[in-house]
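Subject: Structure handover

Hi,

Here is the structure for you to look through.

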Amino acid sequence: RMVGMINTSRAPSSKQDELKRELGEWFADYMVDAGYQIDESPFVYKQLILTAFPRVIPLGDTEFTKDNIEVATLNSNRLFNHYLEEQENSAYINAFAQAYMA
């Protein structure tokens, strides 16, 4: 029942396609604006993206099912927690680094 509600609450496929295009354009614009030369090594950038955003559902699944919802939720939470912890550690490091600067 919950899986059905989650899948039903998603945007229609036409809206999802629009959002994918917008995200892709935004990401490419950001990379260029941040100084990355995306024309040099697109393969490397694709690998970085795959590393930063690992799969949360099994390959071939396109929506949540009763068989993958638990693993998808756990994988998503692990990923978010990883980046939150990394951000927190970075904040501590920066705070101490500034405290001892002359």
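Aspartate 17 and lysine 20 share helix H2. They sit three residues apart there, about one turn of the helix. The two form a salt bridge, and their closest N and O atoms are 3.5 Å apart. Aspartate 17 is partly exposed, with a relative accessible area of 35%. Lysine 20 is exposed, at 58%.

Please keep in mind that this is a predicted model.

How many salt bridges does the count come to? It comes to three. Side chains of opposite charge can pair when their charged atoms come close. Here are the other pairs.

Lysine 15 bridges to glutamate 18. The closest N and O atoms of that pair are 3.5 Å apart. Helix H2 spans residues 13–33, and lysine 15 and glutamate 18 are three residues apart in it. That separates them by about one helical turn. Lysine 15 has 34% relative accessibility, so it counts as partly exposed, since the class runs between 20% and 50%. Glutamate 18 is partly exposed too, at 31%.

Aspartate 67 pairs with lysine 66. For this salt bridge the closest N and O atoms are 3.8 Å apart. Are aspartate 67 and lysine 66 buried or exposed? Both are exposed.

Next, the surface charge. Which residues gather in a patch of negative charge? They are Glu22, Glu25, Asp29 and Asp33. Aspartate 29 has its place in helix H2. Its relative accessibility is 55%, and the cut-off for exposed is over 50%, so aspartate 29 counts as exposed.

Now the rings. The structure holds two aromatic pairs. Tryptophan 26 and tyrosine 30 have ring centres 5.8 Å apart and planes at 10°, so this pair is stacked. Planes under 30 degrees apart count as stacked. Tryptophan 26 and tyrosine 30 are four residues apart in helix H2, which separates them by about one helical turn. Tryptophan 26 is exposed, with a relative accessible area of 52%. Tyrosine 30 is partly exposed, at 43%.

Tyrosine 36 and tyrosine 45 have ring centres 5.9 Å apart. Why does this pair count as edge-to-face? Their planes lie at 85°, and planes over 60 degrees apart count as edge-to-face, so the pair falls in that class. Tyrosine 36 is partly exposed, at 41% relative accessibility. Tyrosine 45 has a relative accessible area of 17%, and buried means under 20%, so tyrosine 45 is buried.

Last, the chain as a whole. There are four helices and zero strands. From the N terminus on, the elements run α-α-α-α. The chain has 102 residues, and buried residues make up 9% of them.

- Aspartate 29 in helix H2, one of the residues in the negative patch.
- Tryptophan 26 and tyrosine 30, for the stacked rings.
- Tyrosine 36 and tyrosine 45, for the edge-to-face rings.

Best wishes

Methods: Residues numbered from 1 in each chain as written. Predicted model: local features only at pLDDT ≥ 70, side-chain atom pairs only at ≥ 80, totals over all residues. Heavy atoms only, no water. Salt bridge = Lys/Arg side-chain N within 4 Å of Asp/Glu carboxyl O. Helix = DSSP H or I, 4+ residues; strand = E, 2+ residues; numbered from the N terminus. Buried < 20%, exposed > 50% of the residue type's maximum accessible area, 1.4 Å probe, protein only. Patch = residues over 30% accessible without salt bridge, like charges linked within 9 Å, V, L, I, M, F, W, Y side chains within 5 Å. Areas by Shrake-Rupley, 256 points an atom, 1.4 Å probe, with all protein chains shown as cover. Lys, Arg positive; Asp, Glu negative; His and termini not counted. Charge placed at Lys NZ, Arg CZ, Asp CG, Glu CD. Phe/Tyr/Trp six-rings, centres within 6.5 Å; stacked < 30°, edge-to-face > 60°.
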